[in-house]
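Here is a short briefing on cores, a helix pair and charged contacts. Keep the coordinates open while reading.

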Amino acid sequence: MTITTKFTVVVPAAGIGKRMGADCPKQYLLIAGKSILEHTLNNLLAHPQIGRVIVVLHPDDKQFKQLAIAADKRISVVTGGEERSDSVLAGLNAVDASEPWVLIHDAARPCLHAEDLTKLLKLAEQGEVGGILAAPVRDTMKRANADQLIIKTESRDNLWHALTPQFFPLALLKFALQTAQIQKIAITDEASAIEQYGGQVKIVEGRASNIKVTQPEDLFLATSYLSPLAAIEDKGE
């Protein structure tokens with residue numbers, strides 16, 4: 001009999017999504033009749049190795065409890081802070097300290113593919129070095145100055161777009177984030193906290209379709225990925 005290791009995911013969802021220019025936080029915008037956050041959580045909970053999801057909400061959030069998925073017993077809710085790193089730490093503090101590994105996944109990244117998540121989770125079987133899903137840079141990269149004039153063309157060799165989930169030993173990630181806060185170092189993702197601490201981070205190649213809905217055009221792209229899947233689910237196929 002195969003024993004499947006279960007992992008906990010922290011989903012920071014305390015942002016208000018100013019760049020979307022919407023009337024509600026971006027995670028509550030609808031795609032195919034469900035909020036982006038519902039798609040994200042359903043994706044995670046459908047994976048056999050995900051046992052629990054901790055959703056980190058804004059203190060004034062009134063919408064999450066109205067979602068049907070909020071009643072799922074595998075979901076816990078905690079209150080976040082001003083910055084992403086504050087919210088992630090709040091989520092990590094709610095993870096059982098006996099768990100060796102933890103995942104962090106963006107609330108507005110609803111197109112995660114199960115096969116990519118499986119590949120990432122294999123890092124726990126290979127040692128103590130965590131990693132992230134990432135997609136190789138395929139476009140020509142330009143570096144510009146403050147006047148938006150091109151300075152040079154950068155080589156795209158070994159350049160990657162960082163995605164989520166990001167997957168690290170729990171104790172190491174908590175220490176790295178706490179250290180960054182004490183030193184007042186800006187952290188853009190969990191991997192950057194590990195890097196600042198001097199730790200190693202592995203790249204696991206994932207699908208470029210694992211987009212984060214940040215700008216209005218991202219919503220249309222995510223809809224194109226998710227709508228066909230929603231139609232299949234509705235038909236019971």
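V53 is found in strand β4. The model is a predicted one. With a relative accessible area of 0%, V53 is buried, because the cut-off for that class is under 20%.

- V53 touches V9, V11, L41, L44, L45, R74, I75 and S76, leaving out residues up to four places away in sequence.
- V10 sits 43 residues from V53 in sequence, and their C-alpha atoms are 5.9 Å apart.

**Nonpolar cores**

- The largest nonpolar core has 41 residues, and L41, V53, F64 and L103 touch the most other members.
- Elements giving two or more residues to this core include β1 (7-13), β4 (50-57), β10 (160-169) and α7 (216-234).
- Helix α1 provides the largest share of this core, five residues.
- L103 touches F7, T8, V9, V10, I50, L117, L120, L121, P165, Q166 and F167, not counting residues up to four places away in sequence.
- Another core lies apart from it, with 23 residues, among them L92, V102, A134 and F168.

**Helix pair α5 and α6**

- The axes of α5 (residues 170-182) and α6 (residues 190-197) come within 8 Å and cross at roughly 80°.
- The two helices, α5 and α6, are therefore roughly perpendicular to each other.
- On the α5 side, L172, L173, F175, A176 and L177 make the contact; on the α6 side, E190, A193, I194 and Y197 do.
- This contact of α5 with α6 has eight nonpolar residues, no polar ones and one charged.

**Salt bridges**

- The structure holds seven salt bridges.
- R84 and E190 pair through their side chains at 2.9 Å, N to O.
- That pair links distant parts of the chain: R84 is in helix α2 (residues 84-93), E190 is in helix α6, and 106 residues separate them.
- E190 counts as buried at 2% relative accessibility, whereas R84 counts as partly exposed at 23%.
- R84, D106, R109 and E190 are linked in a network of salt bridges.
- R207 forms a salt bridge with E115, and the closest N and O atoms are 3.0 Å apart.
- This pair also links distant parts of the chain, with R207 in the loop between β11 (202-205) and α7, and E115 in helix α3, 92 residues apart.
- R207 is partly exposed, at a relative accessible area of 31%.
- D72 and R74 form a salt bridge, their closest N and O atoms being 2.8 Å apart.
- D72 is partly exposed at 22% relative accessible area, and R74 is partly exposed at 34%.

Methods. Residues are numbered from 1 along each chain as its sequence is written. This is a predicted model: local features need pLDDT of at least 70, side-chain atom pairs count only at pLDDT 80 or more; totals for chains, interfaces and linings use all residues. Side-chain values use heavy atoms; hydrogens and water are left out. Axes are lines fitted to C-alpha atoms, for helices over the stretch in contact, and angles run from 0 to 180 degrees between N-to-C directions. Helices (H or I, at least four residues) and strands (E, at least two) are DSSP runs, numbered from the N terminus. Angles under 35 degrees count as roughly parallel, over 145 as roughly antiparallel, 65 to 115 as roughly perpendicular and the rest as oblique. Contact means heavy atoms within 4.5 Å. Ala, Val, Leu, Ile, Met, Phe, Trp, Tyr, Cys and Pro count as nonpolar, Asp, Glu, Lys and Arg as charged, and the others, Gly among them, as polar. A nonpolar core is a set of buried Ala, Val, Leu, Ile, Met, Phe, Trp, Tyr and Cys residues joined through side-chain atoms within 4.5 Å. Buried means under 20% relative accessible area, exposed over 50%, partly exposed in between (1.4 Å probe, protein chains only). A salt bridge is a side-chain nitrogen of Lys or Arg within 4 Å of a carboxyl oxygen of Asp or Glu.
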